[in-house]
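Open the model in your viewer and keep the selection panel at hand. We will go stop by stop.

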Amino acid sequence: MSSRAAVPGLPSQYPIGGQLPALYADDDFAQRFTAGLDTVLAPVFATLDNLPAYFDARVAPSDFLAYLASWVGAADHPQWPVELRREAVVRAVELHRWRGTRRGLVEGLRLALGVHAEVSGDGGAAWSSTAGADLPPEPPAETLVRVWPDREARVDESKVHEVVRAMCPVHTVCRVEILPGPPTDEGR
């Protein structure tokens with residue numbers, strides 16, 4: 001719901017009463033009537049004067065972020081902090097470009113849940129520049145996604161699974177491990 005519908009005391013940059021012919025300059029009724037119109041039109045003019053700011057997620061009014069998110073296909077959760085919602089909208093196109101890749105999954109988890117992640121396994125993609133070359137060895141049966149906390153003290157496993165399901169390619173089996181902290185060399 002927009003909070004700009006009625007802004008008490010917002011002055012009009014273009015008062016109608018001052019633009020009337022001289023005949024109405026001293027007419028009390030005409031000036032009061034146009035002042036009422038100025039009150040109604042002032043938020044419209046303020047919005048139009050600042051229209052470019054509405055399309056920049058970094059400075060757009062917070063109640064407009066949901067619209068921007070829907071336009072670029074960004075995740076937008078009202079319970080997220082406003083700065084995180086802004087970053088999700090700003091980075092949406094970049095994240096769409098990386099969707100289905102390790103980088104996209106790691107960045108998506110970091111942005112959506114504030115966790116660190118490490119992805120191992122490649123989903124079985126291989127190629128050769130030599131015609132008739134032998135087939136590559138059988139790829140691992142699954143991709144392993146290790147997740148550990150960053151912003152939050154605890155990682156919500158169901159939300160991690162939800163993001164991984166949404167961002168992993170359909171042909172890939174992804175297994176998720178929730179770690180209490182960053183992985184060590186002996187834990188790999």
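Show the whole chain. Of the contacts between residues at least 6 apart in sequence, 58% join residues at least 24 apart; a contact means heavy atoms within 4.5 Å. This is a predicted model, where local features need pLDDT of at least 70, side-chain atom pairs count only at pLDDT 80 or more, and totals for chains, interfaces and linings use all residues. Residues are numbered from 1 along each chain as its sequence is written, and side-chain values use heavy atoms, with hydrogens and water left out.

Colour by secondary structure. The protein has seven helices and three strands, in the order α-α-α-α-α-α-β-β-α-β from the N terminus. Helices (H or I, at least four residues) and strands (E, at least two) are DSSP runs, numbered from the N terminus. Now colour by accessibility: 28% of the 188 residues count as buried. Buried is under 20% relative accessible area, exposed is over 50%, and partly exposed lies in between (1.4 Å probe, protein chains only).

**Stop one: Thr-34**

Select Thr-34, in helix 1 (residues 28-49). Is Thr-34 buried or exposed? Its relative accessible area is 5%, so Thr-34 is buried. Leave aside neighbours within four places in sequence, and Thr-34 is in contact with Ile-16, Gly-17 and Leu-20.

**Stop two: helices 3 and 4**

Select helix 3 (residues 65-72) and helix 4. They pack at an angle of about 25 degrees, with axes 9 Å apart. Axes are lines fitted to C-alpha atoms, for helices over the stretch in contact, and angles run from 0 to 180 degrees between N-to-C directions. Helix 3 and helix 4 are therefore roughly parallel to each other. The classes are roughly parallel under 35 degrees, roughly antiparallel over 145, roughly perpendicular from 65 to 115, and oblique for the rest.

Show the side chains here. Leu-65, Ala-66, Leu-68, Ala-69 and Val-72 in helix 3 meet Val-82, Arg-85, Arg-86 and Val-89 in helix 4.

Two strands pair if DSSP finds at least two bridges between them.

Zoom in on strand 2 (residues 143-149), where six of the seven residues are buried. Six bridges join strand 2 to strand 1 (residues 115-120), and these two run antiparallel. Five bridges join strand 2 to strand 3 (residues 174-178), and this pair runs parallel.

Pick Arg-146 in strand 2. Glu-118 stands opposite Arg-146. In strand 3, the bridge partner of Arg-146 is Glu-177. Next, pick Val-147: its bridge partner in strand 3 is Ile-178.

**Stop four: helix 6**

Select helix 6 (residues 102-113). What span should its twelve residues have? At 1.5 Å a residue they should span 16 Å, and the end C-alpha atoms are 16 Å apart, which agrees. The expected span is 1.5 Å times one less than the number of residues.

Buried residues in helix 6 include Gly-104, Leu-105, Gly-108 and Leu-109. Among the elements covering the buried residues of helix 6 are helix 5 (92-97), strand 1 and helix 7 (157-167).
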